[in-house]
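Here's a quick tour of a protein model for someone just starting out. Keep the picture open while you read, and look up each residue as it comes along.

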Amino acid sequence: MSEKTFYDFKGEPIGVKEFIELYEPYYFIENEKDKRIRHTQTARCVEKEIVAILKNGDIESRANLAKVMAWKIGKIKHGESKKNKKLEEVKGDVEFKNVQFGYHKDNLIIKNFSIELKRGQKVAIVGPTGAGKTTIVNLLMRFYEVTSGDILIDGVSIQEMKREEVHNLFDMILQDTWLFHGSVRENLVYNKENVTNETLDMVCKAVGLQHFIQTLPNGYDTILDDSINISEGQKQQLTIARAMIKDAPLLILDEATSSVDTRTEIVIQNAIILVMNKGDIIEQGTHEQLLAKKGFYAELYNSQFEIVS
């Protein structure tokens, strides 16, 4: 890939570094306090798809992506100040209504996606790589804007709410865990005020971190740097504890896997499953119902048990 294959707002070719600086506002980092959160956690869902196109897409795809994002950055930032809808008491009902999305209008990734989810309902979206799973999450959180259709939370269109308002309704736990340079306490509470040690103790005990915290030289005030030996499992536990402390109305678990595996089996067996492929829902039902159909989901599920010679 040559250096000058990306484009600025005027369509002029620029280098990769300059392009990154241009599209970073798409994450809508509104202040320094939120920067490490927006950029390292929720924005990663956007980044995964963007980076894939930047690395693997042809010149036309990269050019289209740059132009679409430049247009959306300008349009969305201009229109955000006019949005004033807020949900005072969030129930958690979510509805996708005939949602379509594509980086280019002639190449839709999501095609007429419709589903209605009720408060407390657990939904698992499964499918092969490129099926559209991460894109659905990005649309729900308004990292992307729908090409057509609408997404509603408690009957209110997310297009009528500021992006920050939408983001605050969610927390995410990613398979790709992250911690920033700071104390354990800062990593757990980051933007929530008045969190007591009693609350931290309760949450850390619930996720199995209590012993780890007790072994640290300064407990919750220990700075997480290269001198602290922390396993991937402990990082994941810290991420889960962080979500519990935030206690957002809606929780997204993004395992970012290309197939159903044993780590998600317990959740899946108690959830409504949407099977996606090429931007469409091709099957829907419970784990047992879909296995009985012996269709795409059953094939995907059973593939993990195949013996490779």
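Let's start with Lys235, which counts as partly exposed because its relative accessibility is 23%. Its side chain meets that of Glu232 in a salt bridge, at 3.3 Å from N to O.

**Salt bridges**

- Lys235 and Glu232 both sit in helix α9, three residues apart, so about one helical turn separates them.
- Another pair is Arg185 and Asp221, whose side chains form a salt bridge at 3.2 Å, N to O.

- Asp93 is part of the loop between α3 (59-80) and β3 (94-101).
- Why does Asp93 count as buried? Its relative accessibility is 19%, and the cut-off for buried is under 20%, so Asp93 falls on the buried side.
- A polar atom of the Asp93 side chain lies 2.8 Å from the backbone nitrogen of Arg119.
- Setting aside residues up to four places away in sequence, Asp93 touches Leu117, Lys118, Arg119, Leu152, Ile153 and Asp154.
- One of those, Leu117, lies in strand β4 (residues 110-117) and is buried at 18% relative accessibility.
- Leu117 has its own set of contacts beyond four places in sequence: Gly92, Asp93, Val94 and Val123.
- Take Gly92: Leu117 is 25 residues from it in sequence, yet 8.5 Å from it in space, going from C-alpha to C-alpha.

**Helix α4 and the residue after it**

- Is helix α4 (residues 133-140) mostly covered or mostly open? It's mostly covered, with eight of its eight residues buried.
- The buried residues of α4 include Ile136, Val137, Leu139 and Leu140, as well as Lys133 and Asn138.
- Just after α4 comes Arg142, with a positive phi of about 60 degrees.
- That phi is a positive value in a residue other than glycine.
- Arg142 sits in the loop between α4 and β6 (148-153), and it counts as buried at 1% relative accessibility.

**Another positive phi**

- Asn194 isn't a glycine either, and its phi is positive at about 60 degrees.
- Its place is the loop between α6 (184-189) and α7 (197-207).
- Buried or exposed? Asn194 is exposed, with a relative accessible area of 75%.

**A three-stranded sheet**

- Three strands make up an open sheet, in the order β5-β10-β11 and with mixed pairing.
- β5 (123-126) and β11 are the edge strands: each has a single partner strand, so one side of each has no neighbour in the sheet.
- On average, neighbouring strands here are turned by 25 degrees against each other, ignoring direction.
- Strand β10 (residues 272-277) pairs with strand β11 (residues 280-285) in the antiparallel sense, over five bridges.
- Asn277 has Asp280, in β11, as its bridge partner.
- Two residues lie between the strands in this hairpin of β10 and β11, and Lys278 takes a positive phi near 55 degrees.

**How confident is the prediction?**

- Mean pLDDT for the chain is 76, and 67% of the residues reach 70 or more.
- Residues 1-5 have pLDDT below 50, and this stretch has eleven contacts in the model beyond near neighbours in sequence.
- Residues 25-46 are also below 50, with 69 such contacts in the model.

How values were computed
Residues are numbered from 1 along each chain as its sequence is written. This is a predicted model: local features need pLDDT of at least 70, side-chain atom pairs count only at pLDDT 80 or more; totals for chains, interfaces and linings use all residues. Side-chain values use heavy atoms; hydrogens and water are left out. Two strands pair if DSSP finds at least two bridges between them. Helices (H or I, at least four residues) and strands (E, at least two) are DSSP runs, numbered from the N terminus. Buried means under 20% relative accessible area, exposed over 50%, partly exposed in between (1.4 Å probe, protein chains only). Axes are lines fitted to C-alpha atoms, for helices over the stretch in contact, and angles run from 0 to 180 degrees between N-to-C directions. A polar contact is a pair of N or O atoms within 3.5 Å; within protein, one must be able to donate a hydrogen and the other to accept it, and residues adjacent in sequence count only if both atoms are side-chain atoms. Contact means heavy atoms within 4.5 Å. pLDDT is the predictor's confidence in each residue, from 0 to 100. A salt bridge is a side-chain nitrogen of Lys or Arg within 4 Å of a carboxyl oxygen of Asp or Glu.
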